[in-house]
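I opened my notebook to look up a few backbone and packing details. Here is what I wrote down, entry by entry.

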Amino acid sequence: MDMLQYEEKYWSQGMEFIAGIDEAGRGPLAGPVVASAVILPQDVNLPEVTDSKKLTEKKREGLFYDIMNVAVAVGVGIVHEREIDQINILQSTYMAMQMAVGKLMVKPDILMVDGHPADIKNFVQENIIKGDSKSLSIASASIIAKVTRDRIMINYDKVFPLYDFASHKGYGSQKHIELIKKYFATPIHRQSFKPILDHLPTLKYYKEKRLVGQLGEQLVACELIKDGCKILEMNFNVPEIGEVDIIFTDGDNLVFIEVKTQTKGHGWNESRTQIDEHKSQRIMNAARHFMDENEYDTEIRFDVAEVILGDSKPRINIIKNGLSAY
């Protein structure tokens, strides 16, 4: 099949910027839905690009870079689980697509959308059933969306190691559902999807299991991932030397963050009083050990995160360079 048949039709009509659009993550029980919009040049040569579902994970990763290198423009939109719960998955998918189009560096002349028509206003649009196997632009978008979402779920796997997110990527496999029933749902599970609502842990459960501190660390790590950070380690501990709650990269910075969690009734700054000089020294000792062990030579930062639980929505305050005062 000629994967450029649709693009050539519009190029022959004088349209230059043709955006293919696809999404990944409508069906999973956890994590975001991700959409991508890709505009390819007329001299494009990507013979191995096809529907992302037909490719191995390794192949998708390689093609991701090939597409990014040759594309005229690429836009990505991400809508996370709480928004999905609020407005439903269909509207969230449309929102992700709208965001992806909005992030393109050039304005497309037409949108080609995989599947049914999408609610994207102010653009001429053609919907193509099974478009990811018929259009190179849509197939490219399917790969960008899939790889982007998979990377997010692999990042979450470091935060929730009991749930095997790196393997099933949040989809409702039998193993995943069994893990939810055994350990309860996590903060990244979609509460509007069955059977998540039946397996939500309560704050009382976290208190009884002495997991309040761990929950706070997980919530902070999730916020960091949503901000585009990459989690390197959770609870990095060097016996008799020190420990760090979360180690992550923020752009070119390597960041070590201490998380302090309180329940309702406390306020900002109260938790930070627990970080004395001895605690600060242990954090910095562990950080030096991590850098030596992994041969890091980069700019570093020490942050502090405060989490207050008990309201309907956890309150999170991340203070960059927050440890510098100790």
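**Strands.** I began with E7 and strand E8 (residues 253-263), which pair in the antiparallel sense over five bridges. For my own reference, strands (E, at least two residues) and helices (H or I, at least four) are DSSP runs numbered from the N terminus, and two strands pair if DSSP finds at least two bridges between them. Ile246 has Ile257 in E8 as its bridge partner. I then looked at the hairpin of E7 and E8, which has two residues between the strands, and found Gly251 with a positive phi near 65 degrees.

**A note on the source.** This is a predicted model, in which local features need pLDDT of at least 70 and side-chain atom pairs count only at pLDDT 80 or more, while totals for chains, interfaces and linings use all residues. Residues are numbered from 1 along each chain as its sequence is written, and side-chain values use heavy atoms, with hydrogens and water left out.

**The other neighbour of E7.** I turned to strand E6 (residues 230-238), which runs antiparallel to E7 and is joined to E7 by seven bridges. Glu233 has Ile247 in E7 as its bridge partner. Three residues lie between the strands in the hairpin of E6 and E7, where Glu240 takes a positive phi near 70 degrees.

Is E7 largely enclosed, or largely open? Seven of the nine residues of E7 (residues 242-250) are buried, so the strand is largely enclosed by the rest of the structure. Buried means under 20% relative accessible area, exposed over 50%, and partly exposed in between (1.4 Å probe, protein chains only).

**Loops.** I checked two residues other than glycine with positive phi. Asn122, with phi near 70 degrees, lies in the loop between strand E4 (110-114) and strand E5 (125-128) and counts as exposed at 74% relative accessibility. Lys169, with phi near 60 degrees, sits in the loop between helix H6 (165-168) and H7 and is buried, with a relative accessible area of 5%.

I also found a cis peptide bond joining Lys194 and Pro195, with omega about 5 degrees. Pro195 lies in the loop between helix H7 (174-183) and helix H8 (203-208).

**Helix contact.** My last entry is on helix H5 (residues 136-159) and helix H9 (residues 212-226). Their axes come within 10 Å and cross at roughly 160 degrees. The axes are lines fitted to C-alpha atoms over the stretch in contact, and angles run from 0 to 180 degrees between N-to-C directions.
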